[in-house]
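Subject: Structure handover

Hello,

Here is the structure we talked about. Please look through it, then read the notes below.

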Amino acid sequence: MSRRHNFCAGPAALPLPVLNRARDELLEWAGVGASVMEVSHRSGEFVAVAEAAEASLRRLLNISDDYAVLFLQGGASTQFAAVPLNLSQPGQSVDQVVTGQWSKKALQEGRRFADVRVAANSAEQNFFVVPPQDVWQTHADSAYLHYCPNETIGGLEFGFVPEVSTPLVADMSSTILSRPLDVDRFGVIYAGAQKNIGPAGLCLAIVRRDLLGRSREETPAMLDWQVAADNDSMYNTPPTFAIYLAGLVFEWLEELGGLNEMAATNQKKASTLYGVIDGSDFYHNPVERQSRSLMNVPFTLVDAALDAAFLKGAEAADLLNLKGHRSVGGMRASLYNAVEQTSVEVLCDFMKDFERRYG
Ligand SMILES: *Cc1c(COP(=O)(O)O)cnc(C)c1O
């Protein structure tokens, strides 16, 4: 078998033990003589899988009964519309913070449904900084404040949880489960699965129950969190295989010791890579130090003309998916939970060697 070091930003690497288990169970699962993809979502066996996945997630993130856990579809992007439809009435104002490409997309979608007031925007600083909260303009009469704690493309991460009087809504697609989280500080957390959870298409939402039942009259049933909550995320046929796999990932995290353990591992991976970048004049990361992402590390080479040679050499060294996002250029290494320290070390060795040869 030749699995290579995968730094893809998403869909991202999955833990090998999880993939092995899914392979072992693929044809014959849970003693039913069929795969998990081939049975009713209402069957006892599958309902047990969905319940176990939710229970495991609740333990990992210490989610209280005040919150509903929803397995939704359409990725995180669908929630850009679901958030205003569920939490605001027509004409009502909402606050949004813009710190990169994803919060910008959320803003564009938000504007289709709500009167969006931009509380802060770091576009003028190329999204290399997180505006400190004391310069934000928030409004107590807004329906909520939306932000993106980790900007996957820019590699920018908030070092603080905003303090607001309105419900706090966070797109945590690329940071959820990377470390412990104080769920109680949020009204709604949502995350597309393909970074730290499981296969693409699935989206997890953690919704404070008092925020359910506020949706607009015209909200499609499939976007209405209350409908999902009332139907245990099975209003229609859920993405059963994705939920099953997410459950295996949660189990894997628990076996590893949970999110404190993961935080330490992730910290180490990130500091290994940032150490190489900062220790050279050849590589550069433009993000202000205190706002650098643990999960997504963009970097440029001193001369962009070397990018192609870097990527070619990386590929030959079994280092995959390092090309930066088209809007940023350069390179990006995503260091999600399933990426191991050894992979980061192979990458760092390659970078040092490349610098020696081309620097
Ligand atoms: C990947 C990502 C998304 C988009 O997720 P989809 O599942 O493709 O809709 C949204 N927000 C953030 C922060 C992401 O990293």
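The largest cavity has a volume of about 50 Å³. A cavity here is a set of points, on a 1 Å grid over the protein atoms alone, where a 1.4 Å probe fits but cannot get out. Points are joined across faces, edges and corners, and the volume is the space filled by probe spheres set on them. The structure holds one cavity of 30 Å³ or more.

Two notes on the source. The model is predicted, so local features need pLDDT of at least 70 and side-chain atom pairs need 80 or more, while totals for chains, interfaces and linings use all residues. Residues are numbered from 1 along each chain as its sequence is written, and side-chain values use heavy atoms, with hydrogens and water left out.

**Cavity lining**

Lining residues have an atom within 4 Å of a cavity point. Among them are A13, L14, P15, K195, W252 and Y336. By class, the lining has eight nonpolar, three polar and one charged residues. Nonpolar means Ala, Val, Leu, Ile, Met, Phe, Trp, Tyr, Cys and Pro; charged means Asp, Glu, Lys and Arg; the others, Gly among them, are polar. Domain 1 (17-256) and domain 2 (258-358) each give at least three residues to this lining. Those domain bounds come from an automatic or database assignment.

**Ligand**

How many residues surround the ligand? There are 13, and the closest are S77, T152, D171, Q194 and K195. The shell has four nonpolar, seven polar and two charged residues. Helix 3 (residues 75-87) gives the most, with four residues. Helices (H or I, at least four residues) and strands (E, at least two) are DSSP runs, numbered from the N terminus.

- T152: 2.4 Å to an oxygen atom of the ligand.
- D171: 2.6 Å to a nitrogen atom of the ligand.
- Q194: 2.9 Å to an oxygen atom of the ligand.

Taken alone, the ligand exposes 390 Å², and the protein buries 88% of that. These areas come from the Shrake-Rupley method with a 1.4 Å probe.

**Backbone**

Most residues other than glycine have a negative phi, and most peptide bonds are trans. The bond from G10 to P11 is cis, with omega near -5 degrees. P11 sits in the loop between strand 1 (5-6) and helix 1 (16-25). D232 has a positive phi, near 50 degrees. D232 lies in the loop between helix 5 (225-230) and helix 6 (240-256).

Best wishes

Definitions and conventions
Near = heavy atom within 4 Å. Polar contact = N/O pair within 3.5 Å; in protein donor to acceptor, adjacent residues only side chain to side chain. 1 Å grid on protein atoms, 1.4 Å probe; cavity = no way out; pocket = protein on both sides within 12 Å on 5 of 7 lines; lining within 4 Å.
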